[in-house]
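Dear colleague,

Please find below the structure that I am handing over to you. My notes on what was found in it follow.

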Amino acid sequence: MNPQSSKIILEMRGITKHFPGVIANSGVDLTLFDGEVLALLGENGAGKSTLMNILIGLYRQDDGEIYVRGEPVQINFPSDAAELGIGMVHQNFMLIPRMTVAENIVLGMTSLPFVPDMRKISNRIRALSEQYRLKVDPNAYVWQLTVGEQQRVEILKMVYRGAEILILDEPTAVLTPQESLELHDVLKVMTSEGKSAIFITHKMDEVMVFSERVAVLQNGKLKATLKTSETTPQELARLMVGRNVLFRLEKEMQEPGETVIELCHISAKDDKGLSALEDLSMVVRAGEIFGIAGVAGNGQDQLAEVITGLRKPTEGKILIADRDCTGKDPLGMIKAGISFIPADRIGMGIAGNMDISENLIMKGYRDEPLSSKGFIRPNRIIDFAKRLIDSFRIATPTPKTRVKFLSGGNIQKTILAREIDACNNLLVAMYPSRGLDVGATETVRNLLLEQRSKGIGILLISEDLDELTSIADRIAVMFEGKIMGTIKSEDADIEMMGLMMAGIPLEELTNDVFEKSESSTE
Amino acid sequence: MRMVIEKRKSVSRKAIYIVPIASFVSALILGSILLLITGVNPITTYAAMIKGAFGSMHALSETLVKATPLMLTGLGVAIAFRMRFWNIGAEGQFVFGGIAGAGIALFFSEIIPSWLVLPMALVGGMLAGALWAGIPAALNAYLGINESLTTLMLNYVAVLFASYLYYGPWRDPLGFGFPGTARFPEEAWLPRIFGRVHFGMIFALIAALILWFILNRTRWGFELKVIGENKTTAKYLGIKISKNIVVALLLSGAISGLGGASEVTGISRRLQAGLAVGHGYTAIIVAWLAQLNPIAVIFVAIMMAALLVGGDQVQITMGLPAAVGLVLQGLILFPMLAGSLFTEYRLKIIRPDTPPSKERESEA
């Protein structure tokens, strides 16, 4: 379909929004045509969320107008947006697990009678889910659903309420590749029936697959609006960060040094008491990045917890610099020189209500110079915080700003700064660039490489194969708590790693190859 | 015109001070509506209350006497609440401290040197209070038992145990059946500063300073703060959560227990009915109004005491019910809880007839 020929359904003109000290949006113009998917692309903090929050009535613009179907509108409350047929699927789903799909979909609708006819509602949901290929059982409880199914419920909720303009906030972040493809189909059906969608993302490849047009935001300003068919991921990346980013990573050749950590036949159980790690052995050496690949949930969490002392192994030994550290608590592991960048940044990595300087000293506060004889030294703490803020380029108004007010990338930089500064042996990094924008991702990866050249051992747990192959020296693939095989990253073959991630050990793969080559010579 | 509540991008520092003051003013306004309904002039009533609470040396003395137990229990509650440990047992810790202080004052004065009686009574009170908070703390830290229930239940145990003692085995045989122990020997009397104001107030001031120092200038205080803000983070950083909660609660109970021991040795000089009048519950309001800041606890406690004493005075001078003060105490908390919303959110007023560009955010 040629969007230019169809009607404009939504127009935002000159939208400006200030927050204290920050201009979140500045004169942004956005046009959405009937029946198209518009990608809204930008780094974290580029102003995508603010713009969309204005559209759905959570914020109000300081300046600028919004037109829906040609009429100027005032959107002061989410209910105003709903009346105009604008609905948003948030990244964190707004569903109640103990209620059924149908109940969740109609929950809070003002037009509902006192005693709703749930059978009629379920039938209508069934019809809609068939029409839009959003397969989900209206009578299932939400807690029974996978993340992908929950997202379908959120979309159905909007459709049920008559949304004509759907806003999807990084919808693929929580989906498996298969589920992403299904979402793509859903959007196709919807747009073919005249609905329009705004697709918020910071991934270029998604823009190319999902959208007809793309609007690029940078620093709160609209950089460009392009037809997807007429652009390339490279051009989009350049527009998004204002410079070319084919990750400039400086990985030097270097021989790894001595063993910093050795796991010998480690087994561990998960919180439910089921086996999570089975007879796992591995070695990380100084000055190398040892990557762990695998589908999330195959024991990576437990591996990191065992190494950082948060979980006790049921069997096996942990040797750190040749000393037996099996069964040490987190403090013991910290003292043995282990730093940890946890997967759950907000929930574990920081205390959001405490300020940046306090979050930065959380590893070093026990020792000189930040404290002496049990007393902390405020002046030294501020100096220390300023030094880290400078050298890690954490964007913050002051060292006394609460961490929860920083952007995701800066929160991660705060954690990295603290952990790297305190690290003198092994750095365990879990999904360190997940959810970060291009610029922050590059910073994170370069910081890890910098530590590598300083002779720190790094255990990099990641789902991102590109990340692993670009910065790791060796990569081990985990499946169901076991290592399927370890390969050098220069020999990494995506297909082979995929097979190992599906549970086929490396030996079988190489044997197969060997047998095949043998049989072919016969 | 419509109003929208919007999340702030940063916490307003001003709001931290303005909210308690505005709450107090709102309470006065709400209170004056009540007073107007009962047909009295609120301004003369408030003036009489202020005069009654601060207008003379005697008035000031009575206000500070009432404030002292509120300061100590308020400090005890504040330190527990900072750990997100909902200790509503300050009343029991206060009373149990009083029991221990009284027991030592009554029965040890003949065994130990006389100069040692008072310090032992006070230390005994602290230990008893610490025990009374330490039990629920340990139950919570090691067995996961809900602390708000256990601390509340132990209040009843302490209060009823005290009345068992002064009605039963500890009752003064020469007291003409009056429910209370014999008067303590003079060496167990806590010295007074002026009027009835006793050294308990000095203890409270010192405790507030020490607590402020611990929380802001020591490694342990930093660990307590991290535990209070995010237990998962604390665990990940290698901070021992259970141990720290128990130790903090021992301190919390000890401060309340010191309050009880000071009260019996400084005011009544005997254990009698009237020790448990709800200081430990008012302490919860004191701690919240002070936003868990130990220095602020001192001032809030004086303010709350002034409301009580002032309320008593208007009963005498204007013939109004003394409950006026209690009503105002209660009224303060509502605007306070509502007001705390504005440290993280702000109100925006939207006038549909003016273009949005004319709006200016009232953000500092």
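In which loop is the place of A:P369? A:P369 lies in the loop of chain A between α12 (356–360) and β17 (371–372). Helices and strands are DSSP runs, numbered from the N terminus: helices are H or I with at least four residues, and strands are E with at least two.

Before going further, please note that this is a predicted model, in which local features need pLDDT of at least 70 and side-chain atom pairs count only at pLDDT 80 or more, whereas totals for chains, interfaces and linings use all residues. Residues are numbered from 1 along each chain as its sequence is written, chains are lettered from A and ligands numbered from 1 in the order in which they are written, and side-chain values use heavy atoms, with hydrogens and water left out.

Backbone of chain A

Most residues other than glycine have a negative phi, and most peptide bonds are trans. The peptide bond that joins A:E368 and A:P369 is cis, with omega about 0°. A:H265, which is not a glycine, has a positive phi of about 50°; A:H265 is placed in strand β11 (residues 259–269) of chain A. A:D279 is not a glycine either, and its phi is positive at about 50°. Strand β12 (residues 275–285) of chain A holds A:D279.

A:T50 belongs to helix α1 (residues 48–55) of chain A. With a relative accessible area of 9%, A:T50 is buried (buried means under 20% relative accessible area, exposed over 50%, and partly exposed in between, with a 1.4 Å probe and protein chains only). Leaving aside residues up to four places away in sequence, A:T50 touches A:K17, A:F19, A:A24, A:N25 and A:Y59, where contact means heavy atoms within 4.5 Å.

A:R323 is found in strand β15 (residues 323–324) of chain A. Its relative accessible area is 49%, so A:R323 is partly exposed. Residues up to four places away in sequence again not counted, A:R323 touches A:I318, A:K328 and A:A336. From A:R323 to A:V477 there are 154 residues in sequence and 26 Å in space, C-alpha to C-alpha.

Aromatic pairs

A pair of aromatic rings is described by the distance of the centres and the angle of the planes. Rings of Phe, Tyr and Trp (its six-membered ring) pair if their centres lie within 6.5 Å; planes under 30 degrees apart count as stacked, over 60 as edge-to-face and the rest as tilted. Over all chains, a search of the whole structure finds 13 aromatic pairs. One of them is the stacked pair of A:F199 and A:F210, at 4.5 Å centre to centre and 25° between the planes. This pair links distant parts of the chain, with A:F199 in strand β8 (residues 196–201) of chain A and A:F210 in helix α7 (residues 204–210) of chain A, 11 residues apart. Both A:F199 and A:F210 are buried.

In chain B, the ring centres of B:F81 and B:W288 are 5.6 Å apart and the planes lie at 50°, so this pair is tilted. Here too distant parts of the chain are linked: B:F81 is in helix α3 (residues 57–82) of chain B and B:W288 in helix α11 (residues 279–289) of chain B, 207 residues apart. B:F81 counts as buried, because its relative accessibility is 3%, whereas B:W288, at 35%, is partly exposed.

Chain B has 14 helices and four strands. Of its 364 residues, 53% are buried.

Helix α5 (residues 114–143) of chain B packs against helix α6 (residues 147–167) of chain B at an angle of about 150°, with the axes 9 Å apart. Axes are lines fitted to C-alpha atoms, for helices over the stretch in contact, and angles run from 0 to 180 degrees between N-to-C directions. α5(B) and α6(B) are therefore roughly antiparallel (angles under 35 degrees count as roughly parallel, over 145 as roughly antiparallel, 65 to 115 as roughly perpendicular and the rest as oblique). On the α5(B) side, B:W132, B:I135, B:P136, B:L139 and B:N140 meet B:E147, B:T150, B:T151, B:L154, B:V157 and B:A158 of α6(B).

Yours sincerely
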